[in-house]
Amino acid sequence: MRTIEMGRRARPGRISAGWHALTPAELRVARLVALGMTNRAVAEELFLSPHTVDTHLRHAFAKLNVSSRVQLTRQVLVHDTLGV
């Protein structure tokens, strides 16, 4: 069984890295961050706590193997042809 970097077991058959590994919540957060929104603004937009936004963002960074918001934005622009 595959495991993800954080030591948690991945669900069988579920992709654990890359664009297609992002959950719907992680995608929503990534798309809004790619528009230039701060974590606090994303939290207000999605009716989440800033801590929850940070968690989704950290998971997206790990799955996409990126370390900055700029790199995340590039990934969104390359993979998300449908827009926000």
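**Helix packing and confidence**

Modeller: Start with H2. Its buried residues pack against helix H1 (24-34), helix H3 (50-64) and H4. Bear in mind that this is a predicted model.

Colleague: Which residues of H2 are buried?

Modeller: Asn39, Val42 and Ala43. They sit on the same side of H2, because they cover an arc of only 100° around the axis.

Colleague: And what does the face turned away from the buried side carry?

Modeller: The exposed residues Arg40 and Glu44.

Colleague: Back to the packing. At what angle do H2 and H3 pack?

Modeller: About 110°, and their axes are 8 Å apart.

Colleague: Which residues make the contact?

Modeller: From H2, Asn39, Val42 and Ala43. From H3, Pro50, Val53, Asp54 and Leu57.

Colleague: What happens just after H2?

Modeller: Phe47 takes a positive phi there, about 55°.

Colleague: Zooming out. How many helices and strands in the chain?

Modeller: Four helices and zero strands. From the N terminus, the order reads α-α-α-α.

Colleague: How much of the chain is buried?

Modeller: Buried residues are 35% of the 84. The accessible surface is about 5700 Å², and carbon and sulfur atoms hold 54% of that.

Colleague: New topic, confidence. What is the average pLDDT?

Modeller: The chain averages 87, and 80% of the residues score at least 70.

Colleague: Which helix is lowest in confidence, and which is highest?

Modeller: Helix H4 (residues 69-79) is lowest, at a mean of 96. Helix H2 (residues 39-46) is highest, at 98.

Colleague: Where does pLDDT stay under 50?

Modeller: Over residues 1-6. The model still has 16 contacts for that stretch beyond four places in sequence.

Colleague: Why not read those in detail?

Modeller: Because where pLDDT is low, the predicted coordinates should not be read in detail.

Colleague: Fine. So which helix pair would you sum up for me?

Modeller: H2 and H3, with an angle of about 110° and axes 8 Å apart. Val42 is one of the H2 residues in that contact, and Leu57 is one of the H3 residues.

Terms used
Residues numbered from 1 in each chain as written. Predicted model: local features only at pLDDT ≥ 70, side-chain atom pairs only at ≥ 80, totals over all residues. Heavy atoms only, no water. pLDDT = per-residue confidence, 0-100. Helix = DSSP H or I, 4+ residues; strand = E, 2+ residues; numbered from the N terminus. Contact = heavy atoms within 4.5 Å. Buried < 20%, exposed > 50% of the residue type's maximum accessible area, 1.4 Å probe, protein only. Areas by Shrake-Rupley, 256 points an atom, 1.4 Å probe, with all protein chains shown as cover. Arc of directions from axis to C-beta. Axes fitted to C-alpha atoms, helices over the stretch in contact; angles between N-to-C directions.
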